[in-house]
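Student: Could you show me how to read a structure like this one?
Tutor: Let us look at it together.

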Protein chains: 2
Amino acid sequence: MASMASIEPVVGGSVTSPRGFRAGATYCGIKKGGRDLCIIASDLPCTAAGVFTTNRVQAAPVVLTRQRLTNDRAQAVVVNSGCANACTHQRGLTDADEMTRLVAEKLGIAVDDVLVASTGVIGVYLPMEKVRRGVAGIDLTADGGADAALAILTTDTRPKRVAVRTTIGGHAVTLAGMAKGAGMIHPNMATMLSFITTDVTLTPDFARQAIRRAADVSFNAISVDGDTSTNDTLLLLANGAAGNPPIAAHDQTAAEFQAALDSVAVELAKMVVLDGEGATRIFQVDVLGARGDADARRAARAVTTSPLVKTAVHGNDPNWGRILCAVGYSGADVDPERVDLAVGDVCILRDGHLLPFDRQAASNQLRGPDVRLTVHLHLGDGRATAWGCDLSKEYVTINAEYTT
Amino acid sequence: MASMASIEPVVGGSVTSPRGFRAGATYCGIKKGGRDLCIIASDLPCTAAGVFTTNRVQAAPVVLTRQRLTNDRAQAVVVNSGCANACTHQRGLTDADEMTRLVAEKLGIAVDDVLVASTGVIGVYLPMEKVRRGVAGIDLTADGGADAALAILTTDTRPKRVAVRTTIGGHAVTLAGMAKGAGMIHPNMATMLSFITTDVTLTPDFARQAIRRAADVSFNAISVDGDTSTNDTLLLLANGAAGNPPIAAHDQTAAEFQAALDSVAVELAKMVVLDGEGATRIFQVDVLGARGDADARRAARAVTTSPLVKTAVHGNDPNWGRILCAVGYSGADVDPERVDLAVGDVCILRDGHLLPFDRQAASNQLRGPDVRLTVHLHLGDGRATAWGCDLSKEYVTINAEYTT
């Protein structure tokens with residue numbers, strides 16, 4: 001593989017950083033305060049793809065957006081916060097459809113090219129009069145991305161946005177994204193929304209494949225499979241303004257795009273984790289040597305979501321027993337007599353046996369901003385990375401100081 | 001089926017309430033303070049059966065006790081808290097074996113008839129000199145059950161014990177139990193131990209079947225499948241002192257015994273839930289009309305373990321959307337358009353449609369000590385009950401007041 005161009009952050013970047021995107025937001029009164037409605041639009045039609053909640057109960061905007069994406073095309077997204085438009089039956093679908101019609105008319109584009117997402121309270125109808133006034137009042141500008149990132153938040157304490165520049169096949173390109181999570185233990189038990197824009201040209205097949213792979217290594221690595229809300233939505237809009245030849249899955253440039261897309265998605269996912277309930281730091285878990293990648297993912301996620309591990313991280317307690325226990329109940333194939341385990345750079349277990357280790361040095365590895373736990377199962381080639389946040393406050397009094 | 005005798009609580013009862021059981025506890029220095037070692041013993045050999053952790057990493061006492069139970073017989077159990085004797089390899093097995101030998105010698109019984117359980121820190125060796133002195137110093141008495149219940153606690157805030165009397169086939173019998181849980185979100189992510197004694201005579205086959213069934217409707221209904229610690233152990237010791245003919249699975253009296261055993265196990269499991277992290281009340285979720293009992297269990301447990309539901313209960317917020325969302329991601333088969341949902345006596349959804357309901361009345365249903373949520377899926381005959389506790393404090397500020 002050719003060496004890849006570096007991926008550079010765009011300071012202050014947002015979904016309007018890629019060429020040809022505009023955005024705008026407003027407060028229309030769905031939430032108690034703060035911006036609650038936004039539009040992201042492209043000057044050109046985009047190749048579009050999405051990943052959606054696996055919940056059996058799917059909100060109206062999810063149902064509608066999935067339908068709209070069957071032609072792999074979109075040109076705008078409208079998003080509201082404060083009302084999830086979920087469990088709203090036929091009226092919810094009618095309201096979601098009207099949201100897209102309002103935006104299509106405002107922008108002079110086809111209604112089929114407008115997607116919609118919602119987050120907030122379940123089981124109440126959208127206040128459509130407010131939405132109508134809101135859509136009418138939104139100004140779309142080339143620096144409106146930061147404002148849009150504010151309009152999708154609910155219990156989040158801060159906006160989450162990122163943009164990067166890189167070169168793909170000699171073409172300078174930009175990718176950007178915004179996300180919302182929620183202050184919960186498993187971040188996506190409340191709605192997770194994320195919208196990624198880029199000026200790269202993609203084939204529809206590759207766009208679908210790339211966004212799914214990016215979801216697997218990012219948002220799906222900060223949660224437990226299946227714990228998804230009614231509204232979870234991740235969308236990719238690629239408008240081709242960079243002028244590169246369309247990237248297909250088998251092209252050499254595909255890996256370069258995937259790396260850039262993954263970096264945007266991972267950065268957003270980590271922001272969601274760090275904005276979790278009372279979190280003070282994020283930790284990364286790398287599982288190697290699993291029977292397969294699926295086993296590795298199970299093990300890594302079990303560690304990142306274990307309340308006992310999370311409190312140990314918070315308390316700077318290198319409690320490797322809790323890590324091993326989480327791996328043990330994860331469902332992954334494990335032979336306790338073969339496990340290696342390290343906290344940061346400090347090796348604690350080798351072949352399942354405790355090494356003489358400096359407890360203070362191991363504890364110090366948990367203090368920094370870049371906490372890493374590594375587990376090697378020595379059963380195969382499977383590997384995965386997941387991220388979790390620490391658990392603080394009253395959990396600590398019960399659990400974090402239990403061994404030290 | 002003949003009408004069953006009533007099951008009466010024994011006030012102040014403990015594992016020594018059934019005839020022919022003695023117990024005692026001591027502080028030997030494994031924990032920082034409080035009793036940390038106990039023995040429960042029967043005057044007669046018991047029919048014994050157990051249910052153990054499904055974790056791939058199993059502590060030494062679990063491995064040893066499973067072996068000892070292959071003959072379905074036991075006469076004593078020794079339990080320590082403060083050290084889990086898990087991830088301790090061969091030395092851990094040797095130490096667990098020595099614990100049982102010390103007790104066998106003290107009581108003059110066969111070492112094969114002594115079981116062992118441990119809870120506490122993982123990955124450290126038992127301080128065997130302290131254990132030897134501890135076992136030697138324990139006095140076993142017919143009212144020692146209350147003391148024993150204290151010696152198995154770790155992060156628990158209070159002991160958990162219960163005893164009941166009933167009549168089975170004309171014989172007055174007693175069943176009793178004690179348990180420990182932990183202050184965690186999923187109670188059995190930290191070790192769950194429980195020991196149930198009875199003077200009923202059981203066949204070994206029925207004992208094994210009965211304790212497994214009791215576990216399913218009690219301890220397994222307060223946790224998420226698979227999230228089990230290295231040490232989880234539930235043991236049943238039946239010494240036959242009541243003089244009834246041995247109860248086999250096909251006997252008419254089997255259902256009477258099962259009902260009494262279930263009531264003891266459920267009571268203990270509810271105590272474990274109520275002692276959960278910051279819990280102020282317990283709530284019961286009944287799922288009816290599922291495709292099967294397994295689906296019903298999945299749905300009920302998803303609701304009881306959902307942080308969003310738990311905070312809603314704490315905040316007296318009849319947030320039915322969160323309940324439906326949890327059912328949706330549980331993996332159970334669900335048709336959102338057919339779901340009935342009630343909070344206490346207040347029906348909120350019928351066939352998936354919101355009924356006009358009194359929000360204050362629904363909120364009041366969440367205030368009492370006996371909170372019940374009912375979900376009817378209208379897809380089959382499957383049913384299950386699960387229990388959860390509310391989530392308090394900082395979770396509330398973010399989630400509980402979100403809709404009201």
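This is a predicted model: local features need pLDDT of at least 70, side-chain atom pairs count only at pLDDT 80 or more; totals for chains, interfaces and linings use all residues.

Student: Now chain B. In what order do the strands of the open sheet lie?

Tutor: Helices (H or I, at least four residues) and strands (E, at least two) are DSSP runs, numbered from the N terminus. Two strands pair if DSSP finds at least two bridges between them. In chain B, 6 strands form an open sheet in the order E13-E12-E11-E14-E10-E15, with mixed pairing. Strand E13 (353-354) and E15 of chain B are the edge strands, each pairing on one side only.

Student: Do E10(B) and E14(B) run parallel or antiparallel, and how many bridges join them?

Tutor: They run parallel, joined by 6 bridges. One pair to find is B:Leu288 and its bridge partner in E14(B), B:His376.

Student: Which helices pack on this sheet?

Tutor: H6(B) touches E10 and E15 of chain B, and its direction makes about 40° with that of E15(B). H7(B) touches E10, E14 and E15 of chain B, at about 20° to the direction of E15(B). Axes are lines fitted to C-alpha atoms, for helices over the stretch in contact, and angles run from 0 to 180 degrees between N-to-C directions.

Student: What do the hairpins look like?

Tutor: Take strand E11 (residues 340-343) and strand E12 (residues 346-350) of chain B, which pair in the antiparallel sense over 3 bridges. B:Ala342 stands opposite B:Cys347 in E12(B). This hairpin has 2 residues between its strands, and B:Gly344 in the turn has a positive phi of about 60°. Next, E12(B) and E13(B) pair in the antiparallel sense over 2 bridges. B:Leu349 has B:Leu354 in E13(B) as its bridge partner. That hairpin also has 2 residues between the strands, and B:Asp351 takes a positive phi near 50°.

Student: How long is helix H7 of chain B?

Tutor: The expected span of a helix is 1.5 Å times one less than its number of residues. H7(B) (residues 293-305) has 13 residues and reaches 18 Å from its first C-alpha to its last, close to the 18 Å expected.

Student: Why is H7(B) said to be largely enclosed?

Tutor: A residue is buried if 20 or more other C-beta atoms lie within 10 Å of its own, exposed if 12 or fewer, and partly exposed in between; C-beta atoms are placed from the backbone. In H7(B), 11 of the 13 residues are buried, so the helix is largely enclosed by the rest of the structure. The cover over its buried residues includes strand E10 (282-290), helix H8 (307-314) and helix H9 (320-329) of chain B.

Student: What about H8(B)?

Tutor: There, 8 of the 8 residues are buried, so H8(B) is largely enclosed by the rest of the structure. After H8(B) comes B:Asn316, with a positive phi near 55°.

Student: Is B:Arg19 buried or exposed?

Tutor: B:Arg19 counts as buried, with 20 C-beta neighbours inside 10 Å. B:Arg19 lies in the loop between strand E1 (8-9) and strand E2 (21-26) of chain B. Leaving aside neighbours within four places in sequence, B:Arg19 is in contact with B:Thr174, B:Asp199, B:Ala241 and B:Ala242. B:Thr174 is 155 residues away along the chain, yet the two C-alpha atoms are separated by 7.6 Å.

Definitions and conventions
Residues are numbered from 1 along each chain as its sequence is written. Chains are lettered from A and ligands numbered from 1 in the order in which they are written. Two residues are in contact if their C-beta atoms, placed from the backbone, lie within 7 Å.
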